[in-house]
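Thanks, everyone. I have one structure to go through today, and I will keep it short. Please have a look at it first.

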Amino acid sequence: MKRLLLPFPAQAELARQVAGPLHAPVGELTWRRFPDGESLVSVDTAVADAEVAILASLRDPDSLAVALRLASDTARELGARRVGLIAPYLGYMRQDQRFAPGQAVSARSFARMLEQGFDWLVTADPHLHRIGALAEIFSIPTVTVACAPLLGDWIAAHVPAPLVIGPDAESAQWAAAIAARAGAPWQVLRKVRRGDREVEVSIPDVAAAQGRTAVIVDDIISTGRTAIAATAHLRRLGLPVVCVAIHAVFAAGAYEDLLAAGAQRIVSTDAIAHPSNAIGIGALLAQATAELLDAGPPTPIRTDT
Ligand code: R5P
C-alpha cells in the first residue's frame, strides 16, 4: 500500500528526515486560522487508498487538537485507507492522575480523544510515570521510540568528563540509560517542587562531581524550573553545566532563563522544533513507523468514509 506523510507546518523540516527512510513522499497539509480563531485545514495531496501518516508534534496541544481531528477526518473522507499519527512529542502525559480532587486526568482523556481520530500512534519517549505503558491508555496500536542512545552518543562526542545528572527521581530512567550509553557516571538530584514554578534540588554526592562537566538530562524542559534549579545548584558548586533534553517544550522565557542560570549549552532533539535542536530523531521515527506499518493492520482497515 502506498504511504504518504502529511506534516503539520511546524514539522516541515523533521518531515524531510522521516520521509526518506519511511519511503513515503511528503504531501501538502495546510492549516490556517480564520480571524475568529477557528481552524481551516486542507489536505492538498491525493490520499485515496494511501496509508497516511500525519506528523505533528503536540506541543501546545490545545491549539492543535481540533486541527488534528479535521486533518484525520478529511484524509479519511478523501479515501485514505488508514490514518496514523506520528507525534514526536505527545502532550498531556504528565497529568496522569488526579493530584487534587476534581482535577482531570488529562493523559487518559487526551489518549481517548486522539484514538477517535487515528488508527495508530508513533511517539518518542512519552512521559510515563504512574502509567506504565501507552497500551494502558490507548486501544490503538502504539510504538514508542527511545531517544536515550542518541543523547548518550551526543554527550560522548561533545562533552569531556561528563557527569550525567537526572534532576529528579522521575528522570532516573533516562539518566541511567543515557549515562550507560555515554560511558559516564550519573547521579539523580533530590527535588522538592513547591509550586508550578518553584523547585529546590541538591546533589547527593558532591565529591564525585568534582572535575566533571555536569550534564543535566531530562525528558522535558517545560517551564524550565527543574533544569534552572539544577543548573543554579551545580553552578554554585563550581561545575560547568550542559543541559540535554528530549522534548524542548520551553514555555515562554524558559530557554532564556535557563541560559541566564548558567547553562553553558542547551541541546535538544528535534522532536519539537526549537533553536536548541542538535539531535535528529527522524530516522528513529521512520523506522518505528515502518515497522508498525509493515506489521499490517492489527485492526480492520477502515473503509467508512
Ligand atoms: C518531571 O517529572 C519531568 O521529567 C520534567 O523534569 C519536568 O516535567 C520539567 O518541567 P519544568 O521544566 O516545568 O520544570
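I start with one residue. Leaving aside neighbours within four places in sequence, Thr 123 is in contact with Ala 87, Pro 88, Tyr 89, Leu 90, Leu 134, Val 143, Thr 144 and Val 145. Please keep in mind that this is a predicted model.

Where does Thr 123 sit? The residue belongs to strand β6, which covers residues 121-124. Is Thr 123 buried or exposed? Its relative accessible area is 0%, and the cut-off for buried is under 20%, so Thr 123 counts as buried. One of its contact partners, Ala 87, also has its backbone oxygen 2.5 Å from a polar atom of the Thr 123 side chain.

Next, the interface. How many residues of each domain take part in the contact? Domain 1 contributes 16 residues, and these touch 17 residues of domain 2. The size of an interface is often given as the accessible area lost when the parts come together. Here, domain 1 and domain 2 bury about 1300 Å² between them, with 54% of that on carbon and sulfur atoms. On the side of domain 1 that touches domain 2, there are eight nonpolar, five polar and three charged residues.

As for specific pairs, the count of salt bridges between domain 1 and domain 2 is zero. Polar contacts do turn up: eight residue pairs across the interface of domain 1 and domain 2.

That is my part; questions, please.

Methods
Residues numbered from 1 in each chain as written. Predicted model: local features only at pLDDT ≥ 70, side-chain atom pairs only at ≥ 80, totals over all residues. Heavy atoms only, no water. Contact = heavy atoms within 4.5 Å. Buried area = accessible area lost by both parts, 1.4 Å probe. Salt bridge = Lys/Arg side-chain N within 4 Å of Asp/Glu carboxyl O. Polar contact = N/O pair within 3.5 Å; in protein donor to acceptor, adjacent residues only side chain to side chain. Nonpolar A, V, L, I, M, F, W, Y, C, P; charged D, E, K, R; others polar. Helix = DSSP H or I, 4+ residues; strand = E, 2+ residues; numbered from the N terminus. Buried < 20%, exposed > 50% of the residue type's maximum accessible area, 1.4 Å probe, protein only.
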